[in-house]
Amino acid sequence: MSIIKVENLTKIYGDFFALNNVSFSVEQGEIFGFLGPNGAGKTTTIMILITLLKPSKGRAFVAGYDVVKEPSKVRANIGYVSQDITVDDYLTGRENLKFQAHLYNLNNENKRIEEILNLVDLSDRADEPVALYSAGMKRRLDIACGLINTPKVLFLDEPTLGLDAQTKRRIWDYIKRLKNELGITIFLTTHYMEEADILCNRVAIIDRGEIKALDKPSILKGHIGDEVINLKLEYLSEAFMDSLKKLQGIKEVKFHDTLCSIKAKGAEGLIPKIFELASIHKVKVESLSSKKPTLEDVFLAYTGRGLRDILSDKEKGKIFGKRMRRFRY
Ligand SMILES: Nc1ncnc2c1ncn2[C@@H]1O[C@H](COP(=O)(O)OP(=O)(O)OP(=O)(O)O)[C@@H](O)[C@H]1O
Ligand SMILES: [Mg+2]
């Protein structure tokens with residue numbers, strides 16, 4: 001059963017399409033990921049689904065309710081964890097959760113708070129001020145706040161942005177627990193390919209307000225081929241390039257200066273054949289690496305741009321911006 005259904009969703013600012021005709025559905029109990037670079041439209045989609053932003057066109061249903069016509073029913077069924085950390089540094093972990101519980105008018109809040117603290121492994125630090133927490137602990141408390149009303153769907157906007165690799169992995173474990181132990185459907189946005197790959201049952205690749213591809217990570221990667229082979233040559237040879245393209249099993253050959261990227265499918269023993277051709281054409285191969293396709297390759301194939309290239313500087317700016325905001329306290 002689809003717990004989220006989105007039909008031709010469009011958001012226009014002036015003449016700019018932040019979202020352009022986006023359609024997808026999310027099944028109950030799955031972890032569904034929106035993977036895309038800065039400005040792709042990830043937060044815009046979440047804001048519409050959690051009823052904080054009105055679409056310009058199109059419709060969306062969450063837990064069976066129309067996000068425009070029945071916003072309070074949608075809100076009763078969802079939890080939301082924003083892209084920025086929102087827990088209060090001056091309160092303890094437990095006080096933050098109590099505050100959330102009061103906003104929802106919950107009865108029996110102490111029991112619920114104990115359960116959630118346990119779930120995110122913060123019980124033993126619950127009575128310390130959040131100012132003393134690490135970034136990963138704050139993020140876990142943020143997620144805990146999103147769970148206070150026992151939501152059917154949890155929206156996580158970039159849940160691991162700016163965290164180190166080890167902390168990221170721990171957060172992934174908690175997210176998996178929410179799905180496996182509580183059966184919560186999770187809609188998350190990310191621009192980390194590894195996160196989308198490891199965590200999500202299905203991933204939509206979004207760029208410039210449009211969904212470019214949507215499927216299980218393994219199927220998306222399967223479209224690229226079995227292998228991506230990268231060669232660094234001493235110099236470029238047209239004849240070598242043409243002969244490579246004719247090899248059986250090679251799907252695509254792309255050159256950039258003396259770098260050559262080959263996508264291959266069902267090509268047993270391809271590497272010796274590449275060396276053989278290089279020798280015939282007297283081309284020196286300076287280095288060769290071969291890897292299974294990643295979601296980065298998928299992103300590149302569908303958008304013509306590398307996700308890492310697009311992100312590098314902007315991401316640094318965003319993390320810096322976030323720190324600056326914290327210093328203002
Ligand atoms: N209120 C607004 N007015 C004009 N443009 C906006 C507004 N809000 C968002 N946008 C634009 O819409 C586009 C999508 O923004 P959105 O925040 O959804 O991106 P995102 O995928 O979440 O990016 P990030 O990874 O940086 O969080 C961006 O180009 C953004 O500048
Ligand atoms: Mg965003």
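Colleague: Which residues are around ligand 1?

Modeller: This is a predicted model. By class, the shell around ligand 1 has eight polar, three nonpolar and one charged residues. Its members are Tyr13, Ala18, Gly36, Asn38, Gly39, Ala40, Gly41, Lys42, Thr43, Thr44, Gln83 and His191.

Colleague: Which element gives the largest share of the shell around ligand 1?

Modeller: The residues around ligand 1 include Lys42, Thr43 and Thr44. The largest share amounts to three residues, and the element that supplies it, spanning residues 42-49, is helix 1.

Colleague: How are strand 1 and strand 2 paired, parallel or antiparallel?

Modeller: Strand 1 (residues 2-13) and strand 2 (residues 16-27) form a hairpin with two residues between them. In the turn, Gly14 has a positive phi of about 65°. Lys5 stands opposite Ser25 in strand 2. The two strands are joined over eight bridges, and the sense of the pairing is antiparallel.

Colleague: Is Thr86 buried, partly exposed or exposed?

Modeller: Thr86 is found in the loop between strand 6 (78-81) and helix 3 (93-103). A residue is buried if 20 or more other C-beta atoms lie within 10 Å of its own, and exposed if 12 or fewer do. Thr86 has 15 C-beta neighbours inside 10 Å, so its class is partly exposed.

Colleague: How many residues of strand 14 are buried?

Modeller: Strand 14 runs antiparallel to strand 11 (residues 227-233), with six bridges joining the two. Among the pairs, Val228 has Lys291 in strand 14 as its bridge partner. Strand 14 (residues 285-291) lies largely in the open, because the number buried among its seven residues is zero.

Colleague: What distance separates the centres of domain 1 and domain 2?

Modeller: The protein chain is divided into domain 1, covering 2-221, and domain 2, covering 226-292. Taken over C-alpha atoms, the separation of the two centres is 42 Å.

Definitions and conventions:
Residues numbered from 1 in each chain as written. Chains lettered and ligands numbered in written order. Predicted model: local features only at pLDDT ≥ 70, side-chain atom pairs only at ≥ 80, totals over all residues. Near = placed C-beta within 6 Å. Helix = DSSP H or I, 4+ residues; strand = E, 2+ residues; numbered from the N terminus. Nonpolar A, V, L, I, M, F, W, Y, C, P; charged D, E, K, R; others polar. Domains from an automatic or database assignment. Pairing = 2+ DSSP bridges.
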